[in-house]
Amino acid sequence: MSQFLRTPLYLLLASVLAAPAFAAERSVPEGIDLTLDLVGNVAHNPVGGVEQGTEGSYWVMAQSKFDLDKLFGVHGTEVDAQWAWFAGRNLAREKIGNSISAQQTWRPVAGGRLTRLTLRHRFDNGLSITAGRAPVNSYFNNSPLNCVFMSNAMCLTPYGAITDLGITAYPNSSWAGIVRYDVDDRWYAQAGVFDYNNTLNEAGKNGLDFSVGEGTGTISAYEVGYQTSFANDRLPRAYRLGMYRNSDGGKSPYFDANGNSAALTGKPTAAQDGARMGWYAMGDQTVWRGEGKRNLAVFGRVYLNTGNEAPVDHFVSAGFVKTGTFASRDQDTLALFVSNTHFSDEQIGFLRDRRSRNGGTGAPHADEIITELSYGWAVKKGIRLMPNLQYVINPDPIYAPTRTTNIPDALIVGLRVDVHFAQLFGW
């Protein structure tokens, strides 16, 4: 971890921890909600992978919500603007060789990016409409329990949909329209349409390319759900069922344009006709509640590819989150998840042929199993440290192109740091 001690993230964290706690009077006008968050991940694999090492990544996110009713008397209308800046390297790609990142803060394109700019209007009958620039995963298949972890297998979106369907995911955004109807304070249904344009995610775009009609497809998303909270349920729960569809058929995981193995010919994989589709289901259930908000919640996640051939056939995960651990530690969390990513026959066939081309034999395992045990330590209001242990069984070799044998199972020692400045300084 000595590398982490020399990073700007560590220096900033040290200064924040050393600063005296205080609560400042609110200095922004009523109707403006400001957020400034710093999230950092450091991961080290002492065992397994292609090689051992340490990598760190982090983001800074700033968000402003403007309640136009309180500010200007425009009833039920809100503007949401969000920006983020990313830096760092990925342990999974650089040292282990697999595709599922152990760091939820890492993104392939570093630097700043406009991640959301939306206008939302809520009618008095439970209907709301959101329009502007937004990522799919901020609205669909989402749960606060997803990010009580550091692994990208769970946080921010359970694995599979981004890889298979190309759904826009934070920080990448595109033109979007979302309609939601809250039947009551528990039941809801929503649908969204999002422009699919991969060039928006390239370096130098910064989320500021507002061009129209240049995408290669349209992503549509649908979800129905039932959810409660501590305000209306002693044992809060959330159940969601949804599906995605991308009219861009994507690329074959195996074949080139001539119908041969792209791994053996060295040619690009071929574009596919038709559409990419996938279904998901998720459930969060509080099973015990103590004093205040001390509780134990269990959860499960399922994703299933039902459209064109794609890298992942299905993904499943399950786990628990215990909020309130030792005496007087009501805000601390102890959490565990176990997941299984099952890769498709075509994806495994591609990796097998690539291995053969490099002089190896056999194929990698189709099931990649990841587990994480984390402890969230609420240092003080606005600061949380999350040491964690992750273990990867059957790491896929997607980012180890010359590998001729299976990658050894990897143990990962991680540390996640969350600093919420609005809470820390009482904005």
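Which residues line the second largest cavity?

Modeller: Happy to, and keep in mind that this is a predicted model. A quick word on the idea: rolling a probe the size of a water molecule over the atoms shows where empty space is left. Counting those of 30 Å³ or more, we get 2 cavities.

Now to the one you picked. The second largest cavity is lined by Ala 92, Ile 96, Asn 98, Ile 100, Ser 101, Ala 102, Ser 151, Ile 370, Gln 390, Val 392 and Ile 412. Two elements, α3 (91–96) and β17 (383–393), each give two or more residues to that lining. Sort the lining by class and you find 7 nonpolar residues, 4 polar ones and no charged ones. As for the space itself, the second largest cavity holds about 40 Å³.

The largest cavity has a volume of about 50 Å³. Around the largest cavity sit Leu 351, Arg 354, Arg 355, Pro 364, Pro 397, Ala 400, Pro 401 and Arg 403. Here the classes come out as 5 nonpolar, no polar and 3 charged.

Note on methods:
Residues numbered from 1 in each chain as written. Predicted model: local features only at pLDDT ≥ 70, side-chain atom pairs only at ≥ 80, totals over all residues. Heavy atoms only, no water. 1 Å grid on protein atoms, 1.4 Å probe; cavity = no way out; pocket = protein on both sides within 12 Å on 5 of 7 lines; lining within 4 Å. Points joined across faces, edges and corners; volume = space filled by probe spheres on them. Nonpolar A, V, L, I, M, F, W, Y, C, P; charged D, E, K, R; others polar. Helix = DSSP H or I, 4+ residues; strand = E, 2+ residues; numbered from the N terminus.
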